[in-house]
Amino acid sequence: NKESVDHAVKQGVEAFGTINILSNTAGILDDYKPTLETSEELWDRIININLKGTYLVTNAVLPHMIDNGKGTVINIASIGAFVAGGGGAAYTSAKHGIAGYTKQLSFDYGLKGIKANAIAPGAVDTGMTHAMFEEGSADVMKKTNSVPAGRYGQPEEIAQLSLFLASDDSDFIHGSIIPIDGGWLVD
């Protein structure tokens, strides 16, 4: 909620003096539910966490970055921002929203020194996905096993891309949605 986000950002600025890099990573899955199996409550929960949370945190941090004349926003989208099947109806919609929001941030604030990009992971072994990988369930596992890399990703691989996007070495990359998917989008 906005009040807790504003409070957290205020504490961060008080502790560190400024915020230069924002990485919006919060997200949850919707159990790959198609729209007719998605309750309004599930829809709202997924959209609120996966999309509205990014909006709230970004809007709390962005004025500090603009005041500094520079800042980096890294949003975590998903392969679901490009294709169906990376999640269900709510998850895929939210991740498409993250992609569009990232591009709009770059368009609106790039000339103010703000660099906004998104990372679009394929299947990555995280707390959110680990049980699914162990069970080997769902169609997503078939797709994961058939990607050119032949495996799912590791969190460290996403972290390395994040570090690059946070660095000055990526200063000419704006509004990009960068897949890191083991080749999921090849076919």
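This is a predicted model: local features need pLDDT of at least 70, side-chain atom pairs count only at pLDDT 80 or more; totals for chains, interfaces and linings use all residues.
## The chain as a whole

The protein chain contains six helices and four strands. Read from the N terminus, its elements follow the order α-β-α-β-α-β-α-α-α-β.

The chain has 187 residues, and 42% of them count as buried. Among contacts in the chain with a separation of 6 or more, 77% are between residues 24 or more positions apart.

## Helix α1 and its two faces

Helix α1 covers residues 2-16, which is 15 residues. From first C-alpha to last, α1 reaches 21 Å, close to the 21 Å expected at 1.5 Å a residue. At the start of the helix, the backbone nitrogen of E3 has a side-chain oxygen of N1 within 3.2 Å. After α1 comes G17, with a positive phi near 90 degrees.

Four residues of α1 are buried: V5, V9, G12 and V13. Viewed down the helix axis, these buried residues fall within an arc of 95 degrees, so they line one face of α1. On the face turned away from the buried side are the exposed residues E3, K10, E14 and A15.

## How α1 meets α2

The cover over the buried residues of α1 includes α2, residues 40-68. Two packed helices are described by the angle between their axes and the distance between the axes. For α1 and α2, the axes come within 9 Å and cross at roughly 35 degrees. The crossing of α1 past α2 is right-handed.

On the α1 side, the residues that meet α2 are K2, V5, D6, V9 and V13. Their counterparts in α2 are L56, V57, A60, V61 and H64.

## Residue S78

S78 sits in the loop between strand β2, residues 71-76, and helix α3, residues 89-109. Is S78 buried or exposed? Its relative accessibility is 3%, and under 20% counts as buried, so S78 is a buried residue.

The side chain of S78 has a polar atom 2.8 Å from the backbone nitrogen of G80. The side chains of S78 and Y91 are joined by a polar contact of 3.4 Å. Leaving aside residues up to four places away in sequence, S78 touches Y91, K95, I119, A120 and P121.

Methods
Residues are numbered from 1 along each chain as its sequence is written. Side-chain values use heavy atoms; hydrogens and water are left out. The expected span of a helix is 1.5 Å times one less than its number of residues. Buried means under 20% relative accessible area, exposed over 50%, partly exposed in between (1.4 Å probe, protein chains only). The arc is that of the directions from the helix axis to the C-beta atoms. Contact means heavy atoms within 4.5 Å. A polar contact is a pair of N or O atoms within 3.5 Å; within protein, one must be able to donate a hydrogen and the other to accept it, and residues adjacent in sequence count only if both atoms are side-chain atoms. Axes are lines fitted to C-alpha atoms, for helices over the stretch in contact, and angles run from 0 to 180 degrees between N-to-C directions. A crossing is left-handed if the near helix is turned anticlockwise from the far one by less than a right angle, and right-handed if clockwise.
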